Amino acid sequence: MINVSVPKYEELSNEQNQLFTVYVVEIEYEKEGQLIQWTLRIRYNAFANLYDSLVDNFPKELSNYMFPRKSMFNTFSEFTKERRKTGFEELLQILVKIDPLPMELEFFLEIDDHVNSMHERPHFLNRFDDTPGSSAPVNSPATTNRRVS
């Protein structure tokens with residue numbers, strides 16, 4: 001069993017003091033009667049990559065879902081961030097109901113990393129960078145940060 005939620009978003013800055021938004025994803029995964037919990041901080045582009053990788057393979061499941069579009073002018077408005085947070089949670093709720101879970105979702109949520117099994121990450125899910133030319137991680141205790149190039 002897996003439960004996911006996107007309860008909030010946070011503003012962070014990179015080494016160049018450029019602000020960016022991350023969406024906090026809380027995951028609960030039950031394995032052999034044990035509940036494992038972890039938190040990820042994920043940027044818009046990572047959600048877009050996930051959606052793009054699954055939309056053609058799951059047209060029925062995603063037919064009524066509208067991915068939150070990119071905004072050129074309102075990226076930092078509270079309305080935009082709240083709309084995206086709600087949309088990302090809706091996407092994850094749809095995807096966790098697919099049986100079996102899509103491999104792309106398992107990698108996105110880092111399930112294997114947290115339940116002690118190792119797989120190589122598909123290249124489209126490697127997200128190490130906040131901005132072009134930057135390679136320093138964003139650190140936060142007890143969480144995993146996903147950064148997009």
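1. Asn17 is exposed, with a relative accessibility of 62%. This residue is found in the loop between β1 and β2 (19-31). Its phi is positive, about 60°, although Asn17 is not a glycine.

2. On confidence, the average pLDDT of the protein is 82, and 77% of the residues score at least 70. Over residues 123-149, however, pLDDT stays under 50. The model still has 64 contacts beyond four places in sequence for residues 123-149. Where pLDDT is low, predicted coordinates should not be read in detail.

3. The peptide bond from Asp99 to Pro100 is cis, with omega near 0°. Pro100 sits in the loop between α3 and α4 (103-108).

4. Val6 belongs to strand β1 (residues 2-13). With a relative accessible area of 0%, Val6 is buried. Leaving aside residues up to four places away in sequence, Val6 touches Tyr23, Val24, Val25, Lys85, Phe88, Glu89 and Leu92. Between Val6 and Gly87 the C-alpha to C-alpha distance is 9.3 Å, while 81 residues separate them in sequence.

5. Lys81 lies in helix α3 (residues 78-95). Is this lysine, Lys81, buried or exposed? Lys81 counts as buried because its relative accessibility is 4%, and the cut-off for buried is under 20%. Not counting residues up to four places away in sequence, the contacts of Lys81 are Tyr9, Glu11, Thr21, Tyr23, Thr75 and Phe76.

6. Next, the packing of two helices. The axes of α1 (residues 44-54) and α3 come within 12 Å and cross at roughly 35°. The crossing of α1 with α3 is left-handed. From α1 the contact uses Tyr44, Phe47, Leu50, Tyr51 and Leu54, and from α3 it uses Arg84, Phe88, Leu91, Leu92 and Leu95. By type, the residues of this contact are nine nonpolar, no polar and one charged.

7. The count of aromatic pairs comes to 11. One of them is Phe47 with Phe88, a stacked pair at 3.9 Å centre to centre and 5° between the planes. This pair links distant parts of the chain, since Phe47 is in helix α1 and Phe88 in helix α3, 41 residues apart. Both Phe47 and Phe88 are buried.

8. Tyr51 and Tyr65 make a tilted aromatic pair, 5.8 Å centre to centre with 55° between the planes. Tyr51 lies in helix α1 and Tyr65 in the loop between α2 (59-62) and α3, so the pair ties together parts that are 14 residues apart in sequence. Tyr51 is buried at a relative accessible area of 15%, and Tyr65 is buried at 6%.

9. Which residues form the aromatic cluster? Tyr9, Tyr23, Tyr44, Phe47, Tyr51, Tyr65, Phe67, Phe88 and Phe108 form one cluster.

Conventions: Residues numbered from 1 in each chain as written. Predicted model: local features only at pLDDT ≥ 70, side-chain atom pairs only at ≥ 80, totals over all residues. Heavy atoms only, no water. Helix = DSSP H or I, 4+ residues; strand = E, 2+ residues; numbered from the N terminus. Buried < 20%, exposed > 50% of the residue type's maximum accessible area, 1.4 Å probe, protein only. Contact = heavy atoms within 4.5 Å. Axes fitted to C-alpha atoms, helices over the stretch in contact; angles between N-to-C directions. Left-handed = near helix turned anticlockwise from the far one by under 90°. Nonpolar A, V, L, I, M, F, W, Y, C, P; charged D, E, K, R; others polar. pLDDT = per-residue confidence, 0-100. Phe/Tyr/Trp six-rings, centres within 6.5 Å; stacked < 30°, edge-to-face > 60°.
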